[in-house]
Every structure is written in C-alpha cells, then in structure tokens.
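Student: Could you show me how to read the packing of helices in a model of this kind? I would like the general idea at each step, and then the case at hand.

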Amino acid sequence: MKKIQIFGLIIIAVAIGIIVSTAGDASTYVDFTKAKTMAQDGDDESIHVVGKLKKDAVGQILEMEYQPEIDPNLFVFTLVDNNNVEQRVVYKNSKPQDFDKSEQVVVVGKMKDGTFSAEKILMKCPSKYENGKMETTEHTAAKS
Amino acid sequence: MIHSTIGSAGHLLVIVAFVSALFATFAYFKSGTSSATIEETITWKRFARMIFYVHVAAVVGVVFSLYWIIGNHYFEYHYAWKNSSLSLPTGYTISSFWQDQEGSFLLWIFWNVVLGCILIFSNRSWEAPVMTVFALVQAFLTSMILGVVIPGLDVKIGSTPFLLLKEVMPDLPVYKMDANFIPKDGNGLNPLLQNYWMVIHPPTLFLGFASTLIPFSFAIAGLWTKKIQDWVRPALPWALFSALVLGVGILMGAYWAYETLNFGSYWNWDPVENSSIVPWIVLVAAVHTMIIARRNATALKTSFILTIATFILILYSTFMTRSGVLGNASVHSFTDLGLSGQLLIYLLTFTIVSIGLLIYRWKSLPSDEEEVSTYSQEFWIFIGATLLCLSGFQILATTSIPVYNKIAEAFGTVLNMALPADQIAHYNKFQLWFFSLIIALTGIGQFFWWKRTGKGNLQALYNPLLIALLISAAVITFKGVKDIQYIVLLTTAIFAIVANGTILLNIMRGNYGLSGGAVTHIGVALMLVGILFSSAYTRVVSINNSGLMISRSEEFTSNDNKENKENITLWLNKAEKMGDYMLTWRDVRVEPRHIPGYIPKSWVDIVEGDFHAVALRDIEVDGKKYNSKGDTIEIFPENFYYEIEYREPSGRIFTLFPRVQINPRMGGIVSSPDIQRKVDKDLYTYVSMVTNPTAEPVWSQTENFTVNLRDTFFVNDYVAILDNVVRTEEVEGVTLGQGDAAVKAIVRILDKDKEFVITPSFVIRDRMVARKPETSNELGMRLQFQEINPQTGQFTFGVNTTQRDFIVMKATEKPLINILWLGTFVLVIGFVMATIRRFKDFIKMRNRESASAATPKTKSKVVTA
C-alpha cells in the first residue's frame, strides 16, 4: 500500500472517531418525566429541559428562592416543562441577572434526590435591544 | 421634520450597488472567457472596470448615508433609533454603525470594495477572472441589504437599514396622534459594546472575513483560466494577510470577552466564536500547503481544496450566526431577519459552483510521479496541515449540532440533539492532543524546512529536544503540573519554542525577513502555554467560608461543604476574609466624562434619563478641583463602579472597580469585571448581584423611640445608645440665623464588629422646627430627631429601616495569562513578517513578468520557480 493511502485511512479513522464521540457527548432535549425515568435507570448523563417559570395569574413568579444574605450560591426555583410538569430546580450559583424577565428557561443538568440539579441555565429574555425579539443568555455553575 | 431624502438616497444607492455588481460580474466574465478576441477582452475589461467603479461609488455613498443618519441623530430612522442615542460619545457612535446585521453586512461590503480596488491596481493580469468572483460576491452581499419587495410574488429580498421607525413599527399608538412623530432620543448602544475593543474588533474581523475572498478568487480564477499553478504566488501573500487580520480580529474578540463579559474567560466555545476560528484554522493549513504547492502536486491540489474550503466555511459561519438556526445554542448570535433563505442560496451557490469547477478540472491537475519521502519538508508540512484540518473538523462537527436538528426537521424527523453539557471537557478531549501534535510538528517541520535535518541526519534535533525536556521538567516541578495531558502540551510547546528559536537564531544571521514562520510558531507555542496555565490552573479566590449561613441552610452544609460556594456576599463597609485577602466594599462610584477616574455616587445627583448630573459638592480628584457644588457635569449614566478594597497579607492595599451597567430604558443590569494585573497572574473580579443603585430605598414605617440620655434601646436587631445631645452651630443644608438654635443627638449603634455614630439634628429656625435625619447605608437605617420634651428630659427618635446594601461577587486568579498575550504579539509580528516577505516575492515576480511582456525577446529566459 502506498503511504498516501495509509495516510488517508488514518485520517478517515480519526474523522469517524470524532463523529462518534460528538454523537456520544451530545446532550438531548427531554422533558422532566423523561428526566426522572433516566435518573431511575441510573443514566447520569446531563440533559437539557426547556420550560417556563411558574407564575400566578398576575404574572408574579412563584416558588423562587434566592437569599444572598444567607447563601449567595444557592438559587432554587420551580420550572414547568412543555407538558406542564412542575419540577424544583436547584442551581448552585448566584441567581442569573435578568432571570425574572425570562420568557423561557433551558436548564442543563440532571435529576438528583428528587430535585433537578442544574449545571447551566440558558434564558430567553425579551431582548433589551430589540422590541418583540428574544435573545439567549447563558449561565454556568462553575465546577467545585 | 423627517429627513426622508438621505434615506431614499441611501436606499437607491444600495439598488445601484446591487445592479452594478451584477453587471460587473457579467462584464468581467465576458472579459475573462478566452473565446473572445483580445480586442473584445480589453473592451469588456474596460467596461467592467467602469461599472465596478460605479459600484464602488454607490457603496461609499451607502456607507456615508447610513453614517450621516446615525451621526446626525435622525431618530426617525429605525436603525439610528435602535442603535444609538444622544448621550453616546462619538467613538461609540461609529460602533453603532455595525451593531446590527445590516450595518455589519455593509461593513463587509465596504471592505470588499476596498480590497477589490487594491487588486485592480496591483494585479492587472488576473483582473478579469478574479474580479468576476469578487463582483458576484458583492451582488450577493448587497442583496442582503436590498430591502426590495418583488411585486406580485410578495418575496422580500434583503433588509434595508434605511427604514423609518414609522415603517418598522406602524402600530405604535403615537403615530395615530402624530403621523410625523420623531423620537427625541434613541435606544442607545448595548452597554457591553461601549468599549474601545468594540470599535476596532468588528472592522478587523470583517476585514478578515472579506480578505478570505482573495485567495478563493485566485483559486477559482486559476481553475477557470487553467493557470493551475500560477495563482498561488499572487494568492499566498493575501492568504497570509487574511490569516493575520482574521486572527487578530478573533483575538480582539477574545480579549474583549475577557475584559468585558463575566464568563471569566477569553474563550467560551460559543458557536459564534467557533464558527470564526474554524475558517481561520483551515486558512492557516492552506497557507502551509500553498508554500509548497509549486513544488508538490499533492500540495497544490490540497491548496485548491483548502482555499475553497476556507471561503465556504466563512459563508457557512455567516449562515449559522445570522439565520437564527443557532436558536437556543448561542449567547450572541444575530436575530433572524428573515434572510435565512437568501443566506442559504448564497452558501449553496458558491459551494456548488466552486466544488463543481474543482471536480471538472481535477483531471487536468498535475500529480506527483514519485512518493514523497518521510524525510522531506513537504511530508511534515503536509502532516501539520492535515492535523489542523482535523482540529477544525472536530470543532465544526460539534458546533453544527443545531444545524443537524434543522436538517432532520426538514426531513420530518425530530432529533432533539443538544450541545454537549460540558463543552470545555468535550473540546479539550480532542483539541489538547491535536494542538500538542501540531505544535511539536512546527518545531520538527522547521528543521526539515531549513534542511537542518534530514535522512541520516536526525541528530540535529537532539539538542533542542534535550533542552526542551530539561526546561519542561523544571517548569512541571516548579509549577506542580500533574495531569498527563497538561504535561504533554507543556512539553511539546516548550519544544516548539526551543526548536523554532534555534532556527530563528540561525536564519536571523542570514536574512531576518525569512524568519516569519519561526516567529509565528513561537507565538503560537507561547499562547498555548499561557492558555494552559490561565485556564487549567484558574483558582477561585472568593470561596465562601463565612460560617454565618451554616446554621440556617441545610443545603449549605450538605455534601461535606464541597458544593460550589464561589460567590461571596459583601455588605457595605464590612470587611470579609477571602482567600489571602481582606475585602471591603467601600462605595458605589460613577464615571464622569471629563474627569479622570471615578467619583463617589453620593457626590452627584444624576438627572434621570439624561447623561448629566448635578454636583452635590465640590468635585476634587487627586487634589485638583474640577467642578463646584451645583455645577452640571457630564457622566456615563449607565455605568456604576463598585469600589472593592483588597488588603493583602502584607498590608498592601489595592482597589478594584468592577462595573455594573444599568440602562433604565433597556432594563436589567449587566456586569463587567475589573482585573488586577500582575506579571505572573491576573486577579479577576466581578460583581454578580447588587442592590440597584438607581432605585430609591424602600423605607419601613416609622417606629418611634422615646428615651433618656444614655439609655439603651434596640432598633432593627442592633443595640443603640443615646450618648449625648449637644448644641451645634452647623447643620448641613440649613443656614442658621440670629436667634435660631440647633442640637444634634449622638447615637451610637453597635454592629457585631463595628460601631456607628449617627447624628440627626433638631433645628429651631424662625420659630419653626426643622428635623434633619441622618442615614446610614451600612446599617440600612434612617434616624430622625423627632421631639425634645423639656418636662421629662426625654428625646424621641423616629427610625426607618431598609434593606442593607450588599453585593455578591466572585474573584478568580488566572496564572501566567500574560504569556498568552505575549504569544499573541509574537504571533502577529511573525505573520506580518511572513506577509511582507510574500508580497515582496509577488511584486518582484510581477514586475519581471511585465518587463518580459514588454520585451518579448527575453521571455524565454524567465525562469518560473
């Protein structure tokens, strides 16, 4: 076999490796019901859940706790997924700026002891800069 | 009055630019097709050039019109209203030009026009085919800002920046009352973009994007006119120029992110960042194969593929960031303007045409007769280029995940794929090894390139290898590097520095102009070392170890205190221990426009919705008086700086001013870090939450206390003692006349570790009682001297309380980050050297060619190397 052919084969092998690994590392969008079954099955892969904040009739956010004077690294709220399943979410970091204004929240993390432990929060807020448009922001709980 | 002329002129000029680009494409194409006679070719070329100049004039006119609208604050125009405001300083008015999609397309179009003109003047022999591609790209780009609705079909082409506010938002109620309503002020520029990097980063990046078109055009022209090898020489200097500018643009963006955003990092693996780094990596690979393309047929073929790939990746990146396909995935993609279809056509046209042309000509490309030797320079450069491409491919494969979802959607299935939850780990898993290999190859490759080593002469590499191993061992021990992958990256990077450094010293003696490659490689290696230490060894300093909350929150103590506690809460003027430092939040400051530094917020009263403030006292900074009490001064109304004092163990004190921006019209707060820069590390601090400095405090209901002298009473959990009531001659804000009297109470309030003295006054003036309360922000308390009872000798105080002011902040240490910045400088110098060298080569060759064309006799003697 010629050198160039061996070389080509190696490249193809690496490329396939990259694709397989990307597919393996990629997370998925699920709902809370699925997240719970996954946790029960011992699957501890981090997943994305899309939802909205729980609000009352006048648009006040319910069940949201952040007390920086006690613990600035603990933020707990209730998220309602697209199937109207409610879930307590714990985010061990400071409350993201503009969280109250978010229309849609994506939490990345996994179920842990009955609560959803979020590593990352993505929010869609009404854009400050463009009327009627949404923009996304991202917040990550740093690794301890 | 609505200034409708300038907008109409701008819009008309866009149409002229679009049409002239189409005509120029056609004319240049006619001139480039070989079937025509020489005379026809020349006529077409002259005609095409003329039309292109019309296009240039039109584009300059469009740029001027838009800038005129923004610069003169014509807020009747949506673009000016949305992106600028009266309070914006001139420098940032320029950046509001490219704040939005249309303006950034315009910037791109403008750069293409500049580059096109340079090409026409510098390279007449390639003009026709190269400018055909150029003009076609311009036609596509100008169509993006066309804003024309095709009648009948109801298809809108492009989005124009010249729309009036009334045309964009006709439903605003104000237009029902006054059809000629013009807003008094604009929305303003995103406060994050009010930064000097944002004035130079976008133009640089777009010049980088625009310049990738040049090597691409030459490659296409080479295929088209069958000058299969000749295109490389004029294209190479431009490819280097492009790699330089695009690289600098990306690095500026990274530096801006580090300085302004609170990611705490210069690189976030955001799709927008990724989609600009991938074309750059491929372009760098292309530069390497182009260098050897004239000697090696495989490299020539690869050069075609890679230059075409670079440009297509730029188009793909444009499509990703501007079509809305990224959706949830990106922090800072543009919003969808409804251009997705148009962008997709643009992308597909160039992909299909260029790849089609390449396949069509593939057979006529030369091929190598014998296999390349393992000991040749070509072999090592080739391996390096391949690794670069694989690295780019890996980033692209992951970044495109949202695109896979869309494609699946188009085929009716639901994929629901999301980006990896831990992106950093995902990318590092590959990139760390790729770059270890790549950086090692730069050293080996340079040795083969300069023939310092070869078959049977490998020992030349032993010395640098030995030196590198020794240095690495020392650094690893000294810095305590433990992870194997970091050890590998560090060692290979140091080897690259040593090996390239050896070569550099060698060739510097001969001709320093040739050492661009070695210098650039050293720059990259330094950058890798800097990245390694500053990101892998980032240390959070603000670990919250205050015991206060343990008793109150179960969550806090669970999991053996290992949970993330990286933010700490600071109360005003209350020292807190953080790592080695004692931290105290001292004050909130504002930024005046014509006075250096920041001044305390309490010195001025900010005029709401304006960029002026009234001085409440004389403004003195560093002993110099700038303004008197009552003066109106200009400030940056959105910026608040939190004065945080750091006391080092040695007793040395320094102060950082992390910023919080509050734009009342846009709502919300945005925080930016402040960085204490030391030679060996940066201390990076940002505030993640504050009590709103612009909001008036909400006071509790007044509670009255009636006490005797030296009585102790409890207010809001604090112990308060009325120490004394004394006569006073001075009460701030009150002029005491004859017969007036004033007393002030001295109330001592005990906090846990500190005492506060509050002195409210009681004034009898013109037989009227006036009470001057005193507020302590530290305690969140306001005390008013209500009454003196002469019969009982008792005093009554009114107390209101409010939320005490606090901030939540985070601080990290980033070791050796300066090596990264040093590396970027070295990289830039190397690229500049290499670019200059290749331009000189090209000019020498061009002049020789034109000389030989003038005197045909010598033509045969010209050696093409």
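**Reading a helix pair**

Tutor: This is a predicted model, and in it the axes of helix α11 (residues 232-260) of chain B and helix α22 (residues 817-854) of chain B come within 8 Å and cross at roughly 160 degrees.

Student: How are α11(B) and α22(B) oriented to each other, roughly parallel or roughly antiparallel?

Tutor: Angles over 145 degrees count as roughly antiparallel, and α11(B) and α22(B) are therefore roughly antiparallel to each other. The crossing of α11(B) and α22(B) is left-handed.

Student: Which residues of α11(B) meet α22(B)?

Tutor: Among them are Leu236(B), Leu240(B), Phe241(B), Leu244(B) and Val248(B), while the residues they meet in α22(B) include Leu827(B), Phe831(B), Phe842(B) and Met845(B). By class, the contact of α11(B) with α22(B) has 17 nonpolar, 3 polar and 3 charged residues.

Student: Which residues of helix α16 of chain B are buried?

Tutor: In α16(B), which runs over residues 401-410, the buried residues are Ile401(B), Pro402(B) and Asn405(B). Because they cover an arc of only 110 degrees around the axis, they lie on the same side of α16(B). Their cover includes α15 (377-399) and β3 (417-418) of chain B, and just after α16(B), Gly412(B) takes a positive phi of about 85 degrees.

Student: How many helices and strands does chain B have?

Tutor: Chain B has 22 helices and 29 strands, and buried residues make up 45% of its 865 residues. Of the contacts in chain B with a separation of 6 or more, 67% are between residues 24 or more positions apart.

Notes: Residues numbered from 1 in each chain as written. Chains lettered and ligands numbered in written order. Predicted model: local features only at pLDDT ≥ 70, side-chain atom pairs only at ≥ 80, totals over all residues. Axes fitted to C-alpha atoms, helices over the stretch in contact; angles between N-to-C directions. Helix = DSSP H or I, 4+ residues; strand = E, 2+ residues; numbered from the N terminus. Parallel < 35°, antiparallel > 145°, perpendicular 65-115°, else oblique. Left-handed = near helix turned anticlockwise from the far one by under 90°. Contact = placed C-beta atoms within 7 Å. Nonpolar A, V, L, I, M, F, W, Y, C, P; charged D, E, K, R; others polar. Buried ≥ 20, exposed ≤ 12 C-beta atoms within 10 Å, placed from the backbone. Arc of directions from axis to C-beta.
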